[in-house]
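Try each task on your own before you read the solution below it.

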Amino acid sequence: MTNNDILKKLRVALMLRDDQIVEILELVDFRITKSELGAFFRAEDHPNYMECGDQVLRNFLNGLVIHLRGTKENPKNPNDVLAKHKAEIPKKETSKDRPEFKAAPKDSEKYRGDQSSSKSGSSAGKPKKKAFPKGNGKPVVVEKVVFKNGKNKK
């Protein structure tokens with residue numbers, strides 16, 4: 001297992017973002033940019049892949065201890081820190097209360113504004129839906145059909 005694999009697994013297990021990892025490394029006065037950090041998480045065959053050195057991993061682990069446990073003068077509870085990380089992750093919601101996730105209109109040409117619409121009305125060109133009788137929404141069966149598959153029963 002390489003240092004890159006260890007760094008990746010710790011990032012996933014502790015639910016850390018790149019900017020949080022940069023802050024953790026700054027706790028031990030080790031400065032690294034997000035782009036340099038991103039090179040550690042790339043695939044090995046990628047042209048911008050960089051191997052994570054022992055010094056980077058050692059400083060990350062030392063910073064992680066300070067981040068989770070705190071200092072001797074100001075101790076922290078690691079479970080509280082991890083719960084805070086979990087709370088910062090945006091939740092996936094499928095409710096309609098979120099206005100920033102609106103569905104795109106189906107006919108994008110219709111809403112462009114730089115062209116005049118040649119169709120009159122919004123229902124022009126659309127096939128009409130079948131009208132079902134009111135009730136359960138299913139068509140009523142008129143009669144039952146008996147199929148004969150060519151065999152005479154006597």
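This is a predicted model: local features need pLDDT of at least 70, side-chain atom pairs count only at pLDDT 80 or more; totals for chains, interfaces and linings use all residues.

**Exercise 1: the overall layout**

Task: Work out how many helices and strands the protein chain has, and what share of its residues is buried.

Solution: 
- Start with the elements: the protein chain has five helices and zero strands.
- Read them off from the N terminus and you get α-α-α-α-α.
- Next, look at burial: of the 154 residues in the protein chain, 19% are buried.

**Exercise 2: Met-50 and its surroundings**

Task: Find where Met-50 lies, classify its accessibility, and list what it touches.

Solution: 
- Then check accessibility: Met-50 has 38% relative accessibility. Buried needs under 20% and exposed needs over 50%, so Met-50 counts as partly exposed.
- Now its contacts: leaving out residues up to four places away in sequence, Met-50 touches Asn-4, Ala-39 and Phe-40.
- Last, a distance: Met-50 and Glu-36 are 14 residues apart in sequence, and their C-alpha atoms are 8.1 Å apart in space.

**Exercise 3: two positive phi angles**

Task: Compare Met-15 and Asp-29 by phi, by loop and by accessibility.

Solution: 
- Take phi for Met-15: the angle is positive, about 55°, even though the residue is not a glycine.
- Asp-29, also not a glycine, has a positive phi near 55°.
- Next, the loops: Met-15 lies between helix H1 (3-13) and helix H2 (18-26), while Asp-29 is in the loop between H2 and H3.
- Finally, accessibility: Met-15 is partly exposed because its value is 30%. Asp-29 has a relative accessible area of 61%, so Asp-29 is exposed.

**Exercise 4: a charged patch**

Task: Which residues gather in a patch of negative charge on the surface, and is Asp-54 buried or exposed?

Solution: 
- Pick out the members: Glu-44, Asp-45, Glu-51 and Asp-54 form the negative patch on the surface.
- Locate one of them: Asp-54 belongs to helix H4 (residues 54-69).
- Then use its number: Asp-54 has a relative accessible area of 61%. The cut-off for exposed is over 50%, so Asp-54 is exposed.

Key. Residues are numbered from 1 along each chain as its sequence is written. Side-chain values use heavy atoms; hydrogens and water are left out. Helices (H or I, at least four residues) and strands (E, at least two) are DSSP runs, numbered from the N terminus. Buried means under 20% relative accessible area, exposed over 50%, partly exposed in between (1.4 Å probe, protein chains only). Patches are made of residues with over 30% relative accessible area and no salt bridge: like charges are joined within 9 Å, nonpolar side chains (Val, Leu, Ile, Met, Phe, Trp, Tyr) within 5 Å. Accessible areas come from the Shrake-Rupley method with a 1.4 Å probe; for residues, only the protein chains shown count as cover. A salt bridge is a side-chain nitrogen of Lys or Arg within 4 Å of a carboxyl oxygen of Asp or Glu. Lys and Arg count as positive and Asp and Glu as negative; His and the chain ends are not counted. The place of a charge is taken as NZ of Lys, CZ of Arg, CG of Asp or CD of Glu. Contact means heavy atoms within 4.5 Å.
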